[in-house]
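Biologist: Please display the model, so that its core and chain organisation may be discussed.

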Amino acid sequence: MQTTFTPEQLADPLTARSNEILRTCVHCGFCTATCPTYKVLGDELDSPRGRIYLIKDMLENARVPDDKTVTHIDRCLSCLSCMTTCPSGVHYMHLVDHAREYIEQNYRRPLPDRVLRWVLARILPYPGRFRLALLGAKLGRPFRRLIPDARLRAMLDMAPRDIPAPSRNDSPQVFAAQGPRRKRVALLTGCAQRALNTDINDATIRLLRRHGCEVVIPRGMGCCGALTHHMGRTGESHAFAAANIRALTAEIDGAGLDALVINTSGCGTTVKDYGHMFAGGPLEADAARVAALAKDITEVMADLGLTDATHAVPLRVGYHAACSLQHGQGIKATPKELLAAAGFTVLEPRDSHICCGSAGTYNLMQPAISAELKARKVATLEATSPQVISAGNIGCMMQIGSGTAVPVVHTVELLDWATGGPRPQALRHAA
Amino acid sequence: MTIAMPAPDAQVIAQRPQIVAALRAVLPADAVIDDPHETRAYECDALTAYRCPPLAVVLPRTTAEVAAAMRVSHGLGVPVVPRGAGTSLAGGALPTADCVILGTMRLNAFLDIDLANRYVRVQSGVTNLSVSAELEPLGFFYAPDPSSQLACTIAGNIAMNSGGAHCLKYGVTTNNLLGATVVLTTGEIIELGGPEPGPAGLDLLGVLCGSEGQLGVVTEATLRILPRPEGARPVLIGFDSPEVAGECVANIIRSGVLPVAIEYMDEPCLRAVESFAKAGYPDCPAVLIVEVEGSKAEIDDQIARIRAIADALNPVEFRESRNADESLAIWKGRKSAFGAMGRLGDYICLDGTVPVGQLPHTLRRIGELSRQHGLEVANVFHAGDGNMHPLILFDANTPGDLARAEAFGADILRLCVEVGGCLTGEHGVGVEKRDLMGDQYDPDDLAIQMQVKDVFDPGWLLNPAKVFPLEASAAHRAHTAPLAAAE
């Protein structure tokens, strides 16, 4: 598309990048067809092409964002389905990230919105605080009906019934490889996931060690920055990312690392983009090095190959493709191939490319659209009659789990089980 | 911008608040959009060189809501521009400043699937591909498959009488459309055709299909469905020159073999699609995708005959698809060709049709014109039925470049007419080819077409300033409008 940025505007690296992206878009409309919000709402403005147009108009005219533009951009899940679909390779992720930052800097949200966002940004990335909040939410649930805001009700609903005790495995330490060491890897233990479900990291560590990996939990790591990044709070997200980059750089330059293993695909998409986030700054080289080492757990396991995967019951597994994995990182077949190699029957639901509506904090900020997407996702998954549902992202697991009686586990828990680990917690009571 | 649009009706613009209020009174709250920041996203379709934000946008969910919106617009004398998914490459859904855009994308329900009588009835805003996807588990499909089938709607397909790769064997939309519910400009709802084949009387459905939103808005459609073939296999044939590839197409058609599709892509296009689809296309100046279908024996036999024809022309490569994944990648690349060309730069996409025997000559002349105009051109098209899609590359951010590209495009389309073809195969005339209609039709032909428009839309409120050259329609209206008003 034609763009009308001035040379002065293009001097800003972010604007130059957005201009480059907009120039690639030919407005063909293919992306509309695979956009979850367009499918639900049926309005060009809630499609990638419409949002690209809104962003272009806002940035070109350097105008104060209006309520409507903000509404349509807020409704974007950042599922990146459009990027898989786009034939001309429009990098929508960098464009919408720029728009979110621009909105955060130039738009004054209504007070309840600001408070909600502030609270989320102050709680979710910190496992200790988030755990306390979950306990509070659990206590508050009986009073749910008294709460006027749908978003606050959604937050209460998110709290799981059983809130696990913190896992000692998540503290900084080194786990020795079992047998000869094949790799030395770091594990991103994450933030919200640590408060919601400690089984995932435990299973990941067991699985990696069993396959000859020395697993390092580096000191000084925390949230990857994705949660605040998607709110446009660049200062906070970059601070999180920078802390991780420094911690990992120390490991890389010290005992060395073969990979940074990530088992929450939402984080993986962001960490793999660290190079872009810090482009032109002093951390650029280190950020690029970390980004290049970042691997989803399934990528690492495909590389290692499963050994002796004979221990699990060969269940029918409904595989839910997390958007951050399939669209954000382009990892589609690997998790399914691993599950099949582990003896499971892998079932794929119809419209597997469509988001479940979790999308980071989206289920909290946009409960109505999120609930509709959840209902659709659960229906297509249940139509495959699975005995268990597996996914590679904690957000999707919580979202889908809250809508179905079928147990939901992380892919890594099934792989751990199949190679000699314990039966996943969620399957203890199942047949 | 070299294609002129008429000045908007100042009276309509002045009435804007009343128009929006009247639409709001008959439609749900979320179905009327008038915020200027929001209407801007509707200012163009896939032909982005021409843009104009509409006065308002309406997004109805039912035939009754479409009719209500049409009644309001008609009553207040407001032009209506129907819009499917906005994938038109000819500016078929380009708004005017005084118009209401009527989007059909929320009309997306499947109403009836009747396998015994082999039809499906849908609301018109369903996407083309979703029809076949819905039918796939049942073993059926809907044949017309425009390259934008992932996104484009049945409503838009009917408006443009869309074709697609597989139309060589199965025909275009008009050959697969059985019936339609149509809302006329007055808001009156009529039924044309139906599930039973060959209704008596005038073929008004045939008039409607391909009328580019000039006559009415289709809200529901009954579509012919077909059983899926036992199998299908594409082959890739690479050639050293476009002309020889063109000759191969003509020879295949002449031999009596009927492949389901013969597609052509040249080197610049192959470069763009390979980086998206990774189908392993041959690296040479021109490639044909020829697909045959049927039982394995039928496929083998047809491919052997095609191979013999191709071998006589010394192809660089002749490769059969080995499995379903490979076939999928081959078609994914072809179907995404227009979008993928965005990797190379801005372009305008043409849509002329020539007799198949004229393909080698036409390709040669396009090459000459390209050098003459100093602009690169990529060719990708449905070769089997001579439906060409030259893509002219230019730089939208360089002033004057678009005009040069358009002049080149006009020369190519005139060339198509000159060799016995026509201006459009499947994208429609829209605004893009409007001013070239005089090269194809003489004034009497155009007058008769405009008289048909008079019957359906006496006030000329539907999809204004498209299809008919402005001077021709203005002269016609100067003559007929007073008569219509007097009645």
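**Core and chain organisation**

Modeller: Of the 271 residues in the largest nonpolar core, Val185(A), Leu260(A), Val261(A) and Leu288(B) touch the most other members. Such a core is a set of buried Ala, Val, Leu, Ile, Met, Phe, Trp, Tyr and Cys residues joined through C-beta atoms within 7 Å; buried requires 20 or more other C-beta atoms within 10 Å of the residue's own, with C-beta atoms placed from the backbone. This is a predicted model, in which local features need pLDDT of at least 70 and side-chain atom pairs count only at pLDDT 80 or more, while totals for chains, interfaces and linings use all residues. Residues are numbered from 1 along each chain as its sequence is written, and chains are lettered from A and ligands numbered from 1 in the order in which they are written.

Biologist: Which helix gives the largest share of this core?

Modeller: Helices are DSSP runs of H or I with at least four residues, numbered from the N terminus. The largest share, seven residues, comes from chain B, residues 401–418, namely helix α15.

Biologist: Why does the radius of gyration of chain B agree with a compact globule?

Modeller: The rule, over C-alpha atoms, is 2.2 Å times the number of residues to the power 0.38. For 487 residues it gives a value near 23 Å, and chain B agrees because its own radius is 23 Å.

Biologist: How many residues of domain 4 of chain B are in contact with domain 1 of chain B?

Modeller: The domain assignment, automatic or from a database, places domain 1 at 10–103 and domain 4 at 345–436. Contact means C-beta atoms, placed from the backbone, within 7 Å. Nine residues of domain 1 of chain B meet, in domain 4 of chain B, 11 residues.

Terms used. Two residues are in contact if their C-beta atoms, placed from the backbone, lie within 7 Å. A residue is buried if 20 or more other C-beta atoms lie within 10 Å of its own, exposed if 12 or fewer, and partly exposed in between; C-beta atoms are placed from the backbone. Helices (H or I, at least four residues) and strands (E, at least two) are DSSP runs, numbered from the N terminus.
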